[in-house]
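Take a look at the model first.

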Amino acid sequence: MSSLKRLLEAKPDWAQLTNEGADELVFVVTPSGSRKTQLRTFKLKVRSYGQNRVSVEEQRADAQLPLCCVERHINPDATFCLGYNSEAPIESVEKAEDWWASLHSYLNNQRYAEKFGVWPLASGLSHGSAAIDQLKMEEIAKSLGWLDEVRTSIFRAKGWLSGALPRLSKDKVTLVNARSPCPRGCRRKHKKHRKLSCETDECYDGCNRVHQAILRADCPNRTSVEQLVLLEHSRRKAEGKLISDLIQTGVKCCGTMKNCPLPKG
């Protein structure tokens, strides 16, 4: 069964089919939002191409969103980037339901971006192959309770992974100088609390000592910290190349977002 047929099978109530062709469906969609926002309708074109892959974009004549905006996950050809590899073939009804759920979130995220000039933090995704590195970083961070730290560093330029990073070795697979302070900024506590050094800034009640910084070599979470730094180096390189390629092809900033890396149009 084609991807388009599966999307029709899983079509939610907030989507109305207005035209059906062999390789293209047209919908009027009105995704629900928060209680404080009015409902908003979009006219979308969903196409099947290549090996049953799927793209979605606004009907040009009725477009409300920018035709291209990297920070709002709208590709140079005006198609939406709903998530990493979101154009992959839809091989089951469950995958179709996930696609519709992603589209629902995406359109609400567009309204958030329109109002605040940034993409919602929890939905942030690096561009192109850099997304793979980010997803690996989030998997590591989840188990440590550091997920917000990773996302804030990447998408708000705040936090220990947002500035200068520990240097890579010549072969680019390890970090140099393990005797330097741990980049996360943790400090060594009194012995009773030492194992908690990466979990809390506090020592024991009444301790006013400014504790010494933990060396990366001594960090209780050294492996995870170094993996995150290595992945962030890789993520920045991949995203930087993608942005550079877009600039070379003449893609400009649409002016709707606060921190767009593209030149102004």
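Is Asp218 buried, partly exposed or exposed? Asp218 counts as partly exposed, at 37% relative accessibility. Here, buried means under 20% relative accessible area, exposed means over 50%, and partly exposed lies in between (1.4 Å probe, protein chains only).

This is a predicted model, in which local features need pLDDT of at least 70, side-chain atom pairs count only at pLDDT 80 or more, and totals for chains, interfaces and linings use all residues. Residues are numbered from 1 along each chain as its sequence is written, and side-chain values use heavy atoms, with hydrogens and water left out.

**Salt bridges overall**
- The structure holds 13 salt bridges. Each one is a side-chain nitrogen of Lys or Arg within 4 Å of a carboxyl oxygen of Asp or Glu.
- Helices (H or I, at least four residues) and strands (E, at least two) are DSSP runs, numbered from the N terminus.

**Asp218 and Arg179**
- Asp218 pairs with Arg179 in a salt bridge, and their closest N and O atoms are 4.0 Å apart.
- Both Asp218 and Arg179 lie in the loop between H4 and H5, so the pair ties together parts that are 39 residues apart in sequence.
- Arg179 is exposed, at 54% relative accessible area.

**Lys43 and Asp62**
- A salt bridge joins Lys43 to Asp62, with 3.9 Å between the closest N and O atoms.
- This pair links distant parts of the chain, 19 residues apart. Lys43 sits in strand E3 (residues 42-49), and Asp62 in the loop between strand E4 (53-58) and helix H2 (93-116).
- Lys43 is partly exposed at 36% relative accessibility, and Asp62 is partly exposed at 33%.

**Glu149 and Arg184**
- Glu149 forms a salt bridge with Arg184, where the closest N and O atoms are 2.6 Å apart.
- Glu149 belongs to helix H4 (residues 147-156) and Arg184 to the loop between H4 and H5, so the pair ties together parts that are 35 residues apart in sequence.
- Glu149 is partly exposed, with a relative accessible area of 26%. Arg184 counts as buried, at 18%.

**Glu239 and its network**
- Salt bridges that share partners join Glu232, Arg235, Arg236 and Glu239 into one network.
- Glu239 lies in helix H5 (residues 222-248). Glu239 is buried, at 18% relative accessible area.
- Glu239 is in contact (heavy atoms within 4.5 Å) with Ser126, His127 and Ala130, leaving aside its neighbours within four places in sequence.
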